[in-house]
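Work through the exercises below with the model open. Each task is followed by a stepwise solution.

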Amino acid sequence: MYDGIVQDLIDEFGRLPGIGPKSAQRITFHILQTPAFDVSRLSQLLAEVREKVRFCEICGNVSEQDRCSICRDPRRNPQVICVVEDAKDVAAIERTREFRGLYHVLGGAISPIDGVGPDDLRVAELMTRLADGTVQEVIIATNPNLEGEATATYLSRLLLSLQIRVTRLASGLPVGGDLEYADEVTLGRAFEGRRTL
Ligand SMILES: [Zn+2]
C-alpha cells in the first residue's frame, strides 16, 4: 500500500478491465517516473471521449456523430448486414478488409445466467432495419462461445420468416473465444467460408 493519491490512482487503474494490481502499479509508476508522459493529453482525451463519443443511431457502433463513418459511407453495400455483439467486433472485422457491407451491434449476447434476454439487446432495431427489403443477407458474427451460439440460434429462427439469407461465420475461430481476439487471417477466412443457417 502507498500513501494517499498514489494508492488512489493504483486502485483506479486496477478497476479497469484486464488490469490487475501489478499492472495498475506499473502504470502508476510509469506516469510518476516519466516526465515526458503527457498527463494533460490523456486526461483531455478521457474527458473528450466521454463527452463526444456516442453510439450510431443506425448500427450501434461508436461514433462522434449521429451516424458512424461506416453507415455514412456510400461505398458500403447496404444489402448485407453483419450482426456482432460489440463495437469492438466491428473494429476486428474491419481490420480483415473482407467485409464491405454494414453492421449491426447487438450490445451483448443472450445469457440466461446473467439475465440477458433478446429484449436487452438491439434485436428490435435489427428487425426494423430489415423491414424495407433492402437487406439480402444477414451474417451472424456473434462470438463462438455458449452465449454467442445461443444468440445466433435465436436470430436465425427469428429471421426464418423473412426472405433473407442468414449465414454464420465458418469454424476455424477458436471455440469459447472472443471475436475481437481472433487474428485477422482466421477471421478473414471465417468470413469467406460462412455457411447458410
Ligand atoms: Zn453506424
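The model is predicted.

**Exercise 1.** Describe the span that UniProt lists as a C4-type zinc finger region.

Solution. Step 1: the unreviewed UniProt entry places this region at residues 56-71. Step 2: take the end C-alpha atoms of residues 56-71, which lie 8 Å apart. Step 3: assign the secondary structure of the span, which gives 19% helix and 12% strand.

**Exercise 2.** State how the chain is divided into domains, and how far apart the domain centres are.

Solution. Step 1: domain 1 covers 4-52 and domain 2 covers 75-196. Step 2: over C-alpha atoms, the centres of domain 1 and domain 2 are separated by 34 Å.

**Exercise 3.** Trace the pairing of strand β3 with β4 and with β5.

Solution. Step 1: β3 (residues 77-84) runs parallel to β4, with five bridges. Step 4: here Val-80 has Glu-137 of β5 as its bridge partner.

**Exercise 4.** Where in the chain is confidence lowest, and where is it highest?

Solution. Step 1: for the chain, the mean pLDDT is 91, and 95% of residues reach 70 or more. Step 2: the lowest confidence is in helix α8 (residues 184-192), with a mean of 74. Step 3: the highest is in strand β4 (residues 101-105), at 98.

Methods: Residues are numbered from 1 along each chain as its sequence is written. This is a predicted model: local features need pLDDT of at least 70, side-chain atom pairs count only at pLDDT 80 or more; totals for chains, interfaces and linings use all residues. UniProt positions are given in the numbering used here, feature names are shortened, and annotations may be inferred rather than shown by experiment. Helices (H or I, at least four residues) and strands (E, at least two) are DSSP runs, numbered from the N terminus. Domain bounds come from an automatic or database domain assignment. pLDDT is the predictor's confidence in each residue, from 0 to 100. Two strands pair if DSSP finds at least two bridges between them.
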